[in-house]
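Good morning, and thank you for the time on today's agenda. Please have the sequence and the model open while I speak.

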Amino acid sequence: MLLFWGSLLCWGLLPQAQGQARHLLFLRVSKDQLETDISDLFSEQRILDHVTRIPVTEAAGEGVPILDHLPFVREGLSRKSSRLDLSLVGDLLSGKSLPLLEELFQAGGLIIEDAKGPEVTLQILSDSLFQVTLQTKLYLSLQRILRFSIIKNIRIGVRLEQTGNKTRVALDDCHTPPGNLSIEVLEQMNPFLVNEALKVITGVLDKTLPFFLQKMVCPLATTLLNSLLEDVLRITLAPTISGPEDFQYHVTTTELTEEAILMQVQLVTRCGPGQRAPRPDHLAPQPLPKLAQGSMADLAFWLEAYNDILSCLYTSKELLVDLQDSTAAALIQLLSPRELEPGPETSGQSRGSVGLTVSTPDPPTVCLDGHTAMALQPGSLVLRGPSNTSSVSVSWKLLSKAMFSSKNQELELQFTPNSSTVALGPHPAGLAGQEERLEALVLELLKRTFLPHHNELLREQGLPLPSIKGISFDQARMEPSENRAVASGACCL
C-alpha cells in the first residue's frame, strides 16, 4: 500500500547535490508477510526432506547417520547383515522381555517416516533483534509396536547490524531447545508396551533431537533465511525504468517494530533550482500510522515530501486551445478588448489573429480534505492579441478529487474531471458583473479540454516505485492516513 499522512515534514529535506533533491520516505514490510515469505521459501526448498526415512542406526548403507558421535548402536545387537534382528520385535510383541525394548532402539528400530512444516513465527526481541521459530512435526515408528508424532521447534536468532547507511544481516545460533517434547500416539500394536516405550523414547529423543535437527536442518535454513533477508533490505528500481541516475532509493536505517521491519529510505530525484518551495528545516516529528490491516508492505510519505517529489518530477507544457471549440469561442468573445472585437467585415481576419492558451508553470499539489485526497492545480488562461501585441490573462485554481494508480511500477496522479471546481484569481476589471459566467466557461474548458491533456502529461511524469524481492507496489492503492494533522483550510480554494 502507498500511504501519505500529516501536514508536517518530519525532518525536512536532506542535504542535496546540485540538480538533485533528497526526500525522506518510509518502507515497511509486515511481520506477517515476512513470516509467510520465510515459510513459503522453506516449503519450496523442502528443508525437512533430509530428516525423513532415517533409521536410528550408524550402519553403512542405512541412510544418513542420525548421530555420528553417539554410541547409538552396539554391533552385537544386530546381525552381520546390518539389518534389524526381527526376533527382537517378536519377543517384544509377545511381552516376554521388556528390557529388549532398549536393544530394539539401539538396533535401529526407531525410524523418522515423515516430516511436516515448518510453521514459521517471528518474535521481535528488540529494535535490532528478532527470533525465527520453525515448528516441525516429525512422524516416527518403532517397527510394528508404535507409531507416533512429535512436535519440535528450531530457533534462529537474527540481528540487524547498522554500518553507516547499510544494514547487514547477522544470524545468531540456530538450535533446538531441549525438553518440552509433545508426543501424540497414532498407532499401537501392544498397549502393554506403550508406556514403557514412551519412557524410553522420551529419554532418547531428549538427547538426540537437538543435535540431529541442528545438523540436518540448520545449515540450509540459515542460508535461505540470510538470502531472503538480504533481498528484503535491498531496494531496486524496475528494469523497465529508464534513466536510473535520475531516481535512486537508498535504505539509510532499519529497525524492527512490533508489526513490521521499518526502513528509512532516501529517495534521490532530479530537481532543478527553484523547482521546490522552501521548507522549514526543523518541524515537529509525526508518528507513523499503523500498518493497514492485511497490508503486505507500505511506502509512507509525508504529504509535503510527496508534493516536493511532484514538483521535482513536473515539467509543464502550454496548451493551445482549439479556437473552433464552442467554449473557447465564448471565452474569446468575453475576454476580448473592445478594439479586438471583430466587426461584420473583419471577423474572420481578427479571429484568426488571436490565440487562447492554458498555462500551468507551477506543479500540482495534493492536500487532504477530511478523509479525501484532493489535487490542486494553479494556472492561467491567456488570450493573446494580434502578433502578441496585447494579452488578457485570467488566473485560476482547479481543485479536484485526486486519483492515484500504480502501473508499470510508477505512481501516477490523476485529476477527476467530474469532481472539479474552479476559483478565479485576478481578471480584467471590465468583466464586473460577469464573474459567474466567466467562471462557468473557464471550468467547462478546463474539464473538457485541459484535464485530459494534463492527466496524460502527469502519466508521463509518474514516480518510479521501489521494488524488493517478493513485494511489488504495482497495483498498490494509495490511502491517506487516519491519524494525520491537516492544517485548517489546506484544501480551500
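I begin with a term: a residue is called buried when its relative accessible area is under 20%, exposed when that area is over 50%, and partly exposed in between, with a 1.4 Å probe and protein chains only. The model is predicted, so local features need pLDDT of at least 70 and side-chain atom pairs count only at pLDDT 80 or more, while totals for chains, interfaces and linings use all residues. Residues are numbered from 1 along each chain as its sequence is written, and side-chain values use heavy atoms, with hydrogens and water left out.

Let us turn to helix 1. Helices (H or I, at least four residues) and strands (E, at least two) are DSSP runs, numbered from the N terminus. Helix 1 covers residues 31–45, and among its buried residues are Leu 34, Ile 38, Leu 41 and Phe 42. The elements that cover the buried residues include strand 2, strand 4, strand 5 and helix 5, where contact means heavy atoms within 4.5 Å. Just after the helix, Arg 46 has a positive phi of about 50 degrees.

Next, the strands. Two strands pair if DSSP finds at least two bridges between them. Strand 6 (residues 146–163) is antiparallel to strand 5 (residues 129–142), with 14 bridges joining them. Strand 6 also pairs with strand 8 in the antiparallel sense, over six bridges, and Ile 150 has Ile 183 as its partner there. Eight bridges join strand 6 to strand 7, again antiparallel, and Leu 160 stands opposite Val 169. Two residues separate strands 6 and 7 in a hairpin, and Gly 164 in the turn has a positive phi of about 60 degrees.

Which residues touch the most other members of the largest nonpolar core? They are Val 132 and Leu 356, in a core of 113 residues. Such a core is a set of buried Ala, Val, Leu, Ile, Met, Phe, Trp, Tyr and Cys residues joined through side-chain atoms within 4.5 Å. Not counting residues up to four places away in sequence, Val 132 touches Ile 38, Ile 156 and Leu 225, among others. Ile 156 in strand 6 is also the bridge partner of Val 132.

Finally, Thr 222 lies in helix 5, and Ile 156 is one of the residues that Thr 222 touches.

Methods
The expected span of a helix is 1.5 Å times one less than its number of residues.
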